[in-house]
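Subject: Structure handover, salt bridges

Hello,

Here is the structure for your files. My notes on its salt bridges follow below.

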Amino acid sequence: MQRRTSLAALTGLAALPGVFMTSPLSSAAAAPVLQALRPSPRMPVLFVGHGSPLNAIEDNAWRRSWQAMGAELAARAVQPQLILCVSAHWLTRGGWQLTGMASPRTIHDFGGFPQELFDQQYPAPGAPQVARTLAAELKSPVTGRALGVDESEWGLDHGTWSVLKPMFPKAQIPVMQLSMDYSRAPVEHYALGRQLAALRERGVLIVGSGNVVHNLRLTRRGTAANEAYDWATEFDTVVQEQIKKGQLGALQDFLNLGAVARQAHPTHEHYLPLLYAAGAVLPSEMPRFFNTGYQSASISMRSVLWG
């Protein structure tokens, strides 16, 4: 059996009070369940820097930007049939998984925050039949075999719901998470991201949720959005230039940057979702950056929209 976990579990945070609190859903269960994807105009791709879980409830510039992005996407002529989210907070080993439950639970995978944050729910429906279909279509970059389907253990972690709730507050669009096999090299994550590109023309909005720079060991509370360590701005700038120039394949070689990459990502689970989003982008698509600032001097909130 494959191991399902999160960075919190890997680092011992799961022992904190409130970590991995989950709640069953109600309103989503009454909605018709999506059975199959239909051909559609190409959906966009998002990479969202999610930063602190508190961004989900605080009235700050980051959250207001997510709300504006959601309103912009909602105003488009064709809406997504499904949101497929790759979050920094669902890590597996020995393979990749898709959530396959009809009513994915809201996971509060953190500790030490106000009760208001633990009270948050995002009752978006899942799509079990679509999950089984996509798991059979998508192939492991390692083995070439089908992906796994998690029908009961995971749900929607805060990397997913904390950004989707401000963007799509009605929680009417089905949401599915794709795990990341943390034992695999960056090139394999990018390769799986490339397989996601075809789903965009079947009504799937691809969302990667992580951070371009993420070093919790060196956070400085109270810093302004334009304040950051030199190594943080250096790494963020390299990534920005690669994206601007359409050199998306170069993003998978971030470890070649050496010391600055290790400072930007002591562990690289928050960077990997960018590789899935970048892999799903077509060469002709131009990026649009938003939330181009920093939290606590060591977390880049840079986000990107393609398409």
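A salt bridge here is a side-chain nitrogen of Lys or Arg within 4 Å of a carboxyl oxygen of Asp or Glu. This is a predicted model, in which local features need pLDDT of at least 70 and side-chain atom pairs count only at pLDDT 80 or more, while totals for chains, interfaces and linings use all residues. Residues are numbered from 1 along each chain as its sequence is written, and side-chain values use heavy atoms, with hydrogens and water left out.

By that rule there are nine salt bridges. One of them joins Glu 72 to Arg 76, with 3.9 Å between the closest N and O atoms. Glu 72 is partly exposed at 29% relative accessible area, and Arg 76 is partly exposed at 29% (buried is under 20%, exposed over 50%, partly exposed in between; 1.4 Å probe, protein chains only). Glu 72 and Arg 76 also belong to a network of salt bridges with Arg 288.

Glu 188 pairs with Arg 184, the closest N and O atoms being 2.6 Å apart. Glu 188 is buried at 16%, whereas Arg 184 is partly exposed at 28%.

Arg 200 and Glu 285 form another salt bridge, at 2.5 Å from N to O. This pair links distant parts of the chain, 85 residues apart: Arg 200 lies in the loop between helix 6 (186-196) and strand 12 (204-210), and Glu 285 in the loop between helix 9 (272-279) and strand 13 (287-290). Helices (H or I, at least four residues) and strands (E, at least two) are DSSP runs, numbered from the N terminus. Arg 200 is buried at 1% relative accessibility, and Glu 285 is buried at 13%.

Regards
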